[in-house]
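User: I am new to protein structures and would like a close look at one part, the aromatic rings. Could you walk me through it in plain words?

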Amino acid sequence: MIFDIHKHNIIGHFVNEVLEDMNEANRSLESAYTRIAAKWLGYELDDEYFVDGSGDRGLDFWFPTSSGFDLFQVKSIESTEPIEISQANFNKTGVMDLIRIKTYLTDEEGIPEHNERLRGFKERWNHVISSKRLAVGDSDEEVSLITVNLGLIIIGNTLTEQAMDEFEAFKRSLAMPIQIHENVKIEFRVNLINISDIIEARWREENREWKNISGKKQNWIELHAENGQCLNNSNSALFYCPAIDLVSAYQNFGYQLFEPNVRCNIKKSKVNSAIKESIKYRSSRKEFRYLNNGVTIICKSYVSPSKNRNSFKVVEPGIVNGLQTVISISEAYNKLLSNEEKEDFEKNCYVLIRLLHTNAVKNVDKVVRATNTQNRMESRNLLSNNPEQVLYEKLFAEVGWFYERKQGAWEAFAMDPKRWRTLPNKRKADFLANPKDLRSKARVVDNESIAQTWMAFIGFSDIAVHEKSKLFDREDWYNLIFLHRPKRHGFEYKYSLPSLSQDSFNMAPAPELLLVSYLVRNFARSVTPSSKENFINSCNRLKIDPTKKSREEVIAELAQDSEYLLGLALSGMSFTFVEYLGYALFRALGSSIHESGQKLLQNGVLSSIYKTSTSNDIKKKVLNEDFEKEDILCVLWYSFRHVVSEMLSSFWAESFRSASNRSRFIAHKDTRQKIIQGLEDLHRYTCKMQITKLWAAGIETEKGIFGFIQDIVSGYN
């Protein structure tokens, strides 16, 4: 078990992600728990895979595997306190939901579904069954098997005694496959996953130290060669290794095992599920060594087997190929095999190991690219050593920020800066808000966040929100973000990305302006009340007692309140505000915007956020309008609130209220165009008349909002 202090910290991170998802996507707390739990367990899914809601038949989310489906029910509590979550016990309602799922799948009546996403799942389910039936007809097989993994995820400690009895009884009832058609059977597997399982999954993914899961220092693993046989020279070895050695290593060290030069998080995939299927059966388990590509490991050093040692002692191993293999066989071993089958696995399942001393290759990246073919690594990591990424790391360091061009980079740098070759003479303290206090907050930004906020800044917040995973995959998007400077904002090109790309300078954006886009988004998130805060504040202001009415009645009443609606809209508009501010700067400064980054970082509250990496301290100051009249960020924030408020007093408000997916509604081109047009209207108004608001005191008539920006920026040396 992970040592308690670290475990509690990770639970805190989990809760923060849940709250962030709830606020940004306007989801319920329960729905946010479901999505973040799925993400932390390795399921990166689009909305269509989440069924939770009315008429879900007990199914919250699903995932297609090579042999069937993973189906999940998630149970959570209202609390967002880590301590309360870790101690929560659940009754049998979750078990009953699993039974409902099983009944739904085996029910031949086929009751019509009213839940649209459930219909989507059922169509996929029926297609798989039909395919299996046809496959049997075209082969010598007598029956086709569909494997369904039923998972009960509890965001808490355990089930009550009665619920656990019900769970075990249900599990026993599914010991044998169930025939649903003449030649198709379903094999059900039932798993219980609690918050500790979720936290351990994340710990393994995030571990960046040579410490094992118990918290003890250890920087080596043991690998045995089958029958002591291996091909071995001074800096490399080739041998078959018991798969259990890799399982043990992963259980102990997690992602620390994977080459630090290119870290990645391989999510669930059909390749992974196929590996698990191979581990499941004895016949394919014995043949696994021939069916799998094997594992390539680069290490600091290794000690070969000898008369006194029957294994390789591998010091600071880095698995550059085989991440999906190691994770999949570990999950299969722990979740799919009985004790008897585990014994067979330990005796008969082997993996081919290529062990290389670091001196054996000149360029580790070439080994990584050449050997990773089954599951794609995250492009962010594969591109991390591109010249522009290395250069940005150096340029950001010059302005006091650590640019994380690959996963785990900050942790690795902070642990041993001298080994970080691309930032010579830099120390951890150089990137801290308070260099004299090593516990102070670090100024760290990762290239994925920069790519996301910059895409919003230049006019494409819809892509930033909904296409985040493709920003490093698509070469045209990547090149636009990191290698070109747009001449104008995306609004000016009617949101045509190709048109903007063609009309750009062939020059990488300035790091200061990239950083501005990132800090602006953090600012917007910090000064906007969360959905929960907005709900509570509005109930108090309107004297509504939510305990005396149903939540639906309270929401219906609040939806008629303009201030509540404004808070609800703003809570999902952090990227929209980045786009809005980007337009204002492009409009005011033209192409000279690209030289304005350092000046903007000296202005108002943005200067404080830039220096401290946090906007929490300035929240009260901003909300009380206690800022300088020359503060560009604060003035534009209040102008943004004004524009959105005006829209909520129009017909747009009804569309916003009734939108089935408010996140997509907000990100839609029509909404964003209305917001930019609202800014243009406000500018024209301020050119003629003074707005009698405290936040607008610095805007001079005849110059308007854009003239206000020009004057402030030109005033810096």
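Analyst: Let's start with Y302, which is buried, with a relative accessible area of 14% (buried means under 20%, exposed over 50%, partly exposed in between, using a 1.4 Å probe and protein chains only). F312 counts as buried too, at 0% relative accessibility. This is a predicted model, where local features need pLDDT of at least 70, side-chain atom pairs count only at pLDDT 80 or more, and totals for chains, interfaces and linings use all residues. Residues are numbered from 1 along each chain as its sequence is written, and side-chain values use heavy atoms, with hydrogens and water left out.

Rings of Phe, Tyr and Trp (its six-membered ring) pair if their centres lie within 6.5 Å; planes under 30 degrees apart count as stacked, over 60 as edge-to-face and the rest as tilted. The rule gives 51 aromatic pairs here. In one of them, the ring centres of Y302 and F312 are 5.8 Å apart and the planes meet at 65°, so this pair is edge-to-face. Y302 belongs to strand β12 (residues 301-303) and F312 to strand β13 (residues 311-315), so the pair links distant parts of the chain, 10 residues apart; strands (E) are DSSP runs of at least two residues, numbered from the N terminus.

Elsewhere, Y392, F396, Y403, F472, Y478 and F482 make up one aromatic cluster.

Rings can also have a charge over them: NZ of Lys or CZ of Arg must be within 6 Å of the ring centre and within 35 degrees of the ring normal. R488 places its charged end over the ring of Y493, 4.6 Å from the centre, and R672 lies over the face of Y495, at 4.3 Å from the ring centre.

Conventions:
Helix = DSSP H or I, 4+ residues; strand = E, 2+ residues; numbered from the N terminus.
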